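Subject: Structure handover

Hello,

Here is the structure I promised to pass on. Please open it alongside this note, and then read on for what turned up.

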Amino acid sequence: MKFKIKGTPLTATLLLILVAFVAFISARQFMSMWQPDVVVPAPGFEKHMLSEWFDGIKDTPADTPVYIQEGEEPGGTVFIMGGTHANEPAGSLSAVLILERAQVKKGRLIVVPFANMMAFSHNSAQDAHPQRIHFTLPDGSTRSFRYGSRATNPIYQWPDPDVYIHPQSKQELAGSEIRNLNRAHPGTPDGELTQRLAYALRQMIEKEHVDLAFDLHEASPEYPVVNAIVAHERSMELAAMVAMEMEMAGIPIRLEPSPKNLHGLTHREWGDYTETMPILMETANPSQGRLRGKTDEHLVITGEDKFYKRAAKLGLLFVPYEEDQPLDLRVARHVTAIMSFLESLGLYEPSKEVFVEGIPTYEEIVEKGLGAFLSPVTEKDR
């Protein structure tokens, strides 16, 4: 039997109203990610904009805050960058934690918590990713941060070519990689917006004579280079010292050399085009992996996933999964490794020492959680 539904002007009008309402709500949710996250820098940090080092990104969505704190004693300069990929929250939140807690006593500290602001302005809706993640502070207040996308928002850079050719090496990649900041280094001053952003970061590293530069990342638990330090050959001796320190402290970490034939990444191009010692670090983020189940805020924060537990039992992962991979643990790994690098830098080259106080230990972050070390937001901070 066939049923025939006959439309009327009234049902058509109601349908149009429903579609308009859904579109309005969706647009509001989408545009809510255009608002930058609030941070509360520790006393002593001065805020700059990256365009101060390269005006080719001035008044564009690529411009991003740069925070600098200088100690009373001279020393080296260390650069900490999170947010290359906005769906890797341990990277950006480790930078935020250091920004909000650091007391620099010797040398200089430069922090960029959200390197690719354009990637934080959207997320991967097709993967049902959450738009924000939340943390409860000791005073009962809540802080939230955007959970963005791996690549620059296409509303700022479009269309993608069929093939992206890395300008310096002529390496060929998928066209969408032209919006991946970590395939854009060392950057070009007249390229697409993502490539100009990479160029601005290089200019800042060069002009500020950065001695040691960190790019903080996450990777899926089934990815071979995870819970790892990736070091350029110039950085390898220092990285080996840190890897041994981490292992002795009971924090297993891999040490990987930067491949000379893989271009566009910080650990290769910063080392080849500047005088800095570049370090890229990865932690294990289950919300990025392809073996995961439901992708929601709970997964991002706790790392709990029954499918990954099963994969661990089958030996398919490159990290232990007995206690999951919570965000607190991942931030603790990044922050502890950075502090170990700072300590080792002073031993490796005493004139380049950077001494920082106020940063919680690995055990404190794991036990108390990230929220315990974030500062409450006041109206002045908004």
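A nonpolar patch, as used here, is made of residues with over 30% relative accessible area and no salt bridge, whose nonpolar side chains are joined within 5 Å. Keep in mind that this is a predicted model.

**Surface patch**

One such patch is formed by Leu15, Leu18, Val19, Phe21, Val22, Phe24 and Ile25. Together they have about 660 Å² of accessible area. Take Val22 as an example from the patch. Val22 sits in helix H1, which covers residues 9-32. Its relative accessibility is 45%, so Val22 counts as partly exposed.

The largest pocket holds about 620 Å³ of space. It is lined by 31 residues, and those closest to its centre are Arg150, Glu218, Ala219, Tyr223 and Glu282. E9 supplies the largest share, 3 residues. By class, the lining of the largest pocket has 9 nonpolar, 12 polar and 10 charged residues.

The second largest pocket holds about 350 Å³. Its lining has 21 residues, with Pro320, Gln325, Leu329, Arg333 and Tyr362 closest to the centre. Helix H9 (327-348) and helix H10 (362-368) are the elements that give two or more residues to this lining. H9 has the largest share, with 3 residues. The lining of the second largest pocket divides into 12 nonpolar, 3 polar and 6 charged residues.

One more residue in strand E11 is worth a look: Glu256. Glu256 has a relative accessible area of 26%, so it is partly exposed. Glu256 and Met236 are 20 residues apart in sequence, and their C-alpha atoms are 8.8 Å apart in space.

**Salt bridges**

How many salt bridges are there? The count comes to 14. Three of them follow.

Asp37 and Arg146 meet through their side chains, at 3.5 Å from N to O. Asp37 lies in the loop between H1 and E1, and Arg146 lies in strand E6, so the pair ties together parts that are 109 residues apart in sequence. Asp37 and Arg146 are both buried.

Arg143 pairs with Glu100 in a salt bridge, at 2.8 Å from N to O. This pair also links distant parts of the chain: Arg143 is in strand E6 and Glu100 is in helix H2 (residues 89-101), 43 residues apart. Arg143 and Glu100 are buried too.

Lys352 forms a salt bridge with Asp211, with the closest N and O atoms 3.5 Å apart. Lys352 is in the loop between H9 and strand E13 (355-357), and Asp211 is in the loop between H4 and E9. These distant parts of the chain are 141 residues apart. Are the two partners buried or exposed? Lys352 has 27% relative accessibility, so it counts as partly exposed. Asp211 has 15%, so it counts as buried.

There is also a network: salt bridges that share partners join Asp37, Arg132 and Arg146.

**Backbone**

Most residues other than glycine have a negative phi, and most peptide bonds are trans. Some spots in this model depart from that, so they are listed here.

- The peptide bond from Trp158 to Pro159 is cis, with omega near 0 degrees. Pro159 is in the loop between strand E6 (142-146) and strand E7 (163-165).
- His185 and Pro186 are joined by a cis peptide bond, with omega about 5 degrees. Pro186 is in the loop between strand E8 (172-174) and helix H4 (193-207).
- Asp59 is not a glycine, yet its phi is positive, near 60 degrees. Asp59 is in the loop between strand E1 (46-49) and strand E2 (65-70). At 74% relative accessibility, Asp59 counts as exposed.
- Asn227 also has a positive phi, about 50 degrees, without being a glycine. Asn227 lies in the loop between E9 and strand E10 (228-231). Its relative accessible area is 7%, so Asn227 is buried.

Best wishes

Methods: Residues are numbered from 1 along each chain as its sequence is written. This is a predicted model: local features need pLDDT of at least 70, side-chain atom pairs count only at pLDDT 80 or more; totals for chains, interfaces and linings use all residues. Side-chain values use heavy atoms; hydrogens and water are left out. On a 1 Å grid over the protein atoms alone, a cavity is a set of points where a 1.4 Å probe fits but cannot get out, and a pocket is an open set with protein on both sides within 12 Å along at least five of seven lines; lining residues have an atom within 4 Å of a point. Grid points are joined across faces, edges and corners, and a volume is the space filled by probe spheres set on the points. Helices (H or I, at least four residues) and strands (E, at least two) are DSSP runs, numbered from the N terminus. Ala, Val, Leu, Ile, Met, Phe, Trp, Tyr, Cys and Pro count as nonpolar, Asp, Glu, Lys and Arg as charged, and the others, Gly among them, as polar. Patches are made of residues with over 30% relative accessible area and no salt bridge: like charges are joined within 9 Å, nonpolar side chains (Val, Leu, Ile, Met, Phe, Trp, Tyr) within 5 Å. Accessible areas come from the Shrake-Rupley method with a 1.4 Å probe; for residues, only the protein chains shown count as cover. A salt bridge is a side-chain nitrogen of Lys or Arg within 4 Å of a carboxyl oxygen of Asp or Glu. Buried means under 20% relative accessible area, exposed over 50%, partly exposed in between (1.4 Å probe, protein chains only).
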